[in-house]
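Good morning, and thank you for coming. Please look at the sequence and the structure as I put them up, and keep them in view while I speak.

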Amino acid sequence: MRHLMSPLDFSPEELDRLMDLAADIEQNPARYAHSCSGKKLATLFYEPSTRTRLSHEAAMLNLGGSILGFSSADSSSAAKGESVADTIRTISCYADICAMRHPKEGAPMVAAHHSSIPVINAGDGGHQHPTQTLTDLLTIRSLKGHLGNMTIGLCGDLKFGRTVHSLIHALVRYPNIRFVLISPEELRLPGYIRHDVLDKEQVPYQQVVRLEEALPTLDILYMTRVQKERFFNEEDYVRMKDFYILDAAKMKLAREDMFILHPLPRVNEISVEVDADPRAAYFRQAQYGVYIRMALILTLLGIQVEGGKTW
Amino acid sequence: MRHLMSPLDFSPEELDRLMDLAADIEQNPARYAHSCSGKKLATLFYEPSTRTRLSHEAAMLNLGGSILGFSSADSSSAAKGESVADTIRTISCYADICAMRHPKEGAPMVAAHHSSIPVINAGDGGHQHPTQTLTDLLTIRSLKGHLGNMTIGLCGDLKFGRTVHSLIHALVRYPNIRFVLISPEELRLPGYIRHDVLDKEQVPYQQVVRLEEALPTLDILYMTRVQKERFFNEEDYVRMKDFYILDAAKMKLAREDMFILHPLPRVNEISVEVDADPRAAYFRQAQYGVYIRMALILTLLGIQVEGGKTW
Amino acid sequence: MRHLMSPLDFSPEELDRLMDLAADIEQNPARYAHSCSGKKLATLFYEPSTRTRLSHEAAMLNLGGSILGFSSADSSSAAKGESVADTIRTISCYADICAMRHPKEGAPMVAAHHSSIPVINAGDGGHQHPTQTLTDLLTIRSLKGHLGNMTIGLCGDLKFGRTVHSLIHALVRYPNIRFVLISPEELRLPGYIRHDVLDKEQVPYQQVVRLEEALPTLDILYMTRVQKERFFNEEDYVRMKDFYILDAAKMKLAREDMFILHPLPRVNEISVEVDADPRAAYFRQAQYGVYIRMALILTLLGIQVEGGKTW
């Protein structure tokens, strides 16, 4: 039995098969509409995350399965002092697969060790959020047709941004990737990722402070939020905050075939005027998030669909 | 694509077709039992309302569809500062139709503007609650056989009562409607509704303070709650509170073919001894609320049922 | 129409039929997979209980039915002052059967009186939790092959433990049952149960303070938690707390064919090293909890399955 704890759990070849399956689901949804009939997904959300929970639930419902679960810890047995290990052993009696979000790093891993059903890590503290990374990969592959040979701009809080770190780990496995790291100095990508991942894998990158400077060279721009609280002082924040807001004016600097991704929710780092730009792909990304989770559920449950892609 | 923002979104002719469909559903539920198979309803409740949420969910399940969503804002992305516009664009990837309740007036309208799926306004602050009004109309039509030519008593807090205002707007479109407005002076129907709606449409009405006075003339009595906090002083409240409590004694004054409606929940404005009276229709009203929402979901999704009523 | 308020609502013969049905479901789940198609279970949880709620929901989904409901009182109409009687009359319009958990004793009974759908008491304060008792009975019968002729150890807080009291009431109806009551003196089984149930039914029992003393004689050991707050003083707690922790060392004293049950959640009263012991049956018990609830739903809805067990 397989779980999903980290996006690196899958080899690049396995990821290719997973994304092939997701692409077939996108093209032929009716083929998969009853593939999980009689199966149940439990969503165990020890901290609220509507978007992540609903995307898993929509995926299971699209496959003809059912959903049950909880959306916050107050309504769970955790309040009574039950261990994650005990909870998952009980949930294994109630469902065929589960998605767990937990504020503590490693909690889904503990669950996986004691579970008799596949466990999807739907986010554990600041640690991993692998279905977001799978979503990002599928989105890039679907929009560009491939995953290597491109320049990817990562913009915003690169120091604390979990999705950015995870995406870097996943992308360095593809050939000819170049990164442009766009952030204030205070929020640069940590040294251990630059040295142990980028340098070690000989992946070229440059660090820039201004988004304008990076835009003309990019195939993909991955935006994230810069929170005011992250700045050392008010002065720096005021000086730099507009550097990281993408608007129609800045979009004139970008290539016609560049796409903008964002893990959402956004606050103001992408101006709403950009939404109508055909290069804005962040809502399509939410749709790809459903397809990849459908593929993931089928794969972890070991379900082969007649006439569908074979895992 | 159509949304439901206000009960006046539908013309009287369209409402007739909607209610014909609801009546056919009531008579032939099996005919519609799989009509929404593979469709998903998202219930987006930014403030809790069990009754309204469950009635939409029951409607979708009766049609063979699935449900997902959230029942309070704490477990939603709103807490992270996401706009309603962004939320609905994401939800559009997860569901085929949605019902939204929001504490802010106009929020469902904003959602509808940015949505690629039909949006049902399930209540926005003190503004609109159109599925309640559709329920009220279907209930009256089902019980009396028609919607015009009748005297309707509206009792309770007519000043702040959203359901009452909305019902008046909807009913004045039918011929020969007469209203009896039963309330304490402090809680009379606002002048702008009396003048701009009733007078303008030449709909006769009278205002009375005591329920007993009105009862003998009514075809329909629509009860609502009078909250103590609404009174100007304790003295008035004590003097008048029993005027607006419907009990078995007062029911002796009512006609045999009068029906009592109430949007529920009730507190004490209808004595439980009245529940057994065949004229008490408020729980049947809850059942009609499911039928009209089934008809509404089918209509907004543009689903025609083989052998069923055609919209 | 039948409800489930107490485990004693069913005669021993009826319980046999219910457990025969549950056993058939365990053996032939596919036979029952669509038996509740088109039926809806409402879970009305006025206080949170993830395990109990999800076990009912899993049961209904396994039968091909649908689920809706609420998981805490904040998101219910109770906050608006609605009575349980009114709520259930409305819910009767939305669902075919319901499971209610309520902090007030007797609330599910009030609901049953006003309901037009079957009501399952899913726990009312410290009063009853009948589906737990049905689960316990099915577990014992499935593991041992029968329900009479055995020695049952009840360990932990026997004074306040609702599940223990309920299990005693249910088991004394079977022949040749003997109890060993294992608890600190402060937490002994109340006199009214010893006298009015055990003595009256001439069921032999002994009271012991140490678990080791009881273990060698038991066919079933039913563990429950001993809460520190229940002790009269810190000294007693420190002296005795280890008496009631079941570990691998103590398990050496138990018979090879003894089984350990626990209503869960556990905290530390069973050491995790015991989980791997084949006699540890508390997670299997959770699975039996789903089967018995499936049988219960079918029975209360009066659904007969082609080729299945007949109620």
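R141(A) sits in helix α5 (residues 130-144) of chain A; helices here are DSSP runs of H or I with at least four residues, strands are runs of E with at least two, and both are numbered from the N terminus. Is R141(A) buried or exposed? Its relative accessibility is 17%, so R141(A) counts as buried. The word buried stands for under 20% relative accessible area, exposed for over 50%, and partly exposed for what lies in between, with a 1.4 Å probe and protein chains only. Leaving aside residues up to four places away in sequence, R141(A) touches D16(A), M19(A), D20(A), A23(A), H146(A) and L147(A). Contact means heavy atoms within 4.5 Å.

Before I continue, a word on the source: this is a predicted model, in which local features need pLDDT of at least 70 and side-chain atom pairs count only at pLDDT 80 or more, while totals for chains, interfaces and linings use all residues. Residues are numbered from 1 along each chain as its sequence is written, chains are lettered from A and ligands numbered from 1 in the order in which they are written, and side-chain values use heavy atoms, with hydrogens and water left out.

Which residues does A58(C) touch, not counting residues up to four places away in sequence? They are K40(A), L68(A), Y94(A) and V290(C). Between A58(C) and T299(C) there are 241 residues in sequence and 16 Å in space, taken from C-alpha to C-alpha.

Y94(A), one of the residues that A58(C) touches, is among the buried residues of α3(A). How many residues of helix α3 (residues 84-94) of chain A are buried? The count is 11 of its 11 residues, and the helix is mostly covered.

Next, the packing of helices. Two packed helices are described by the angle between their axes and the distance between the axes. Axes are lines fitted to C-alpha atoms, for helices over the stretch in contact, and angles run from 0 to 180 degrees between N-to-C directions. In chain A, helix α6 (residues 162-171) and helix α7 (residues 191-199) pack at about 15°, and their axes are 10 Å apart. This is why α6(A) and α7(A) are roughly parallel to each other. Under 35 degrees counts as roughly parallel, over 145 as roughly antiparallel, 65 to 115 as roughly perpendicular and the rest as oblique. The crossing of α6(A) with α7(A) is left-handed, which is the case if the near helix is turned anticlockwise from the far one by less than a right angle; clockwise makes it right-handed. On the α6(A) side the contact is made by H165(A), I168(A) and H169(A), and on the α7(A) side by Y192(A), I193(A), V197(A) and L198(A). By class, the residues of this contact are five nonpolar, two polar and no charged. Ala, Val, Leu, Ile, Met, Phe, Trp, Tyr, Cys and Pro count as nonpolar, Asp, Glu, Lys and Arg as charged, and the others, Gly among them, as polar.

In chain B, the axes of helix α5 (residues 130-144) and helix α6 (residues 162-171) come within 9 Å and cross at roughly 55°. α5(B) is therefore oblique to α6(B), and their crossing is right-handed. Here Q132(B), T133(B), D136(B) and L137(B) of α5(B) meet T163(B), S166(B), L167(B), A170(B) and L171(B) of α6(B). This contact has four nonpolar, four polar and one charged residues.

I close with the backbone. Most residues other than glycine have a negative phi, and most peptide bonds are trans. Which bond joins L264(A) and P265(A)? It is a cis peptide bond, with omega about 0°. P265(A) lies in the loop between β9 (259-261) and α11 (282-301) of chain A. A cis peptide bond, again with omega about 0°, joins L264(B) and P265(B). N149(A), which is not a glycine, has a positive phi of about 55°, and its place is the loop between α5 and β5 (150-155) of chain A. With 46% relative accessibility, N149(A) counts as partly exposed.
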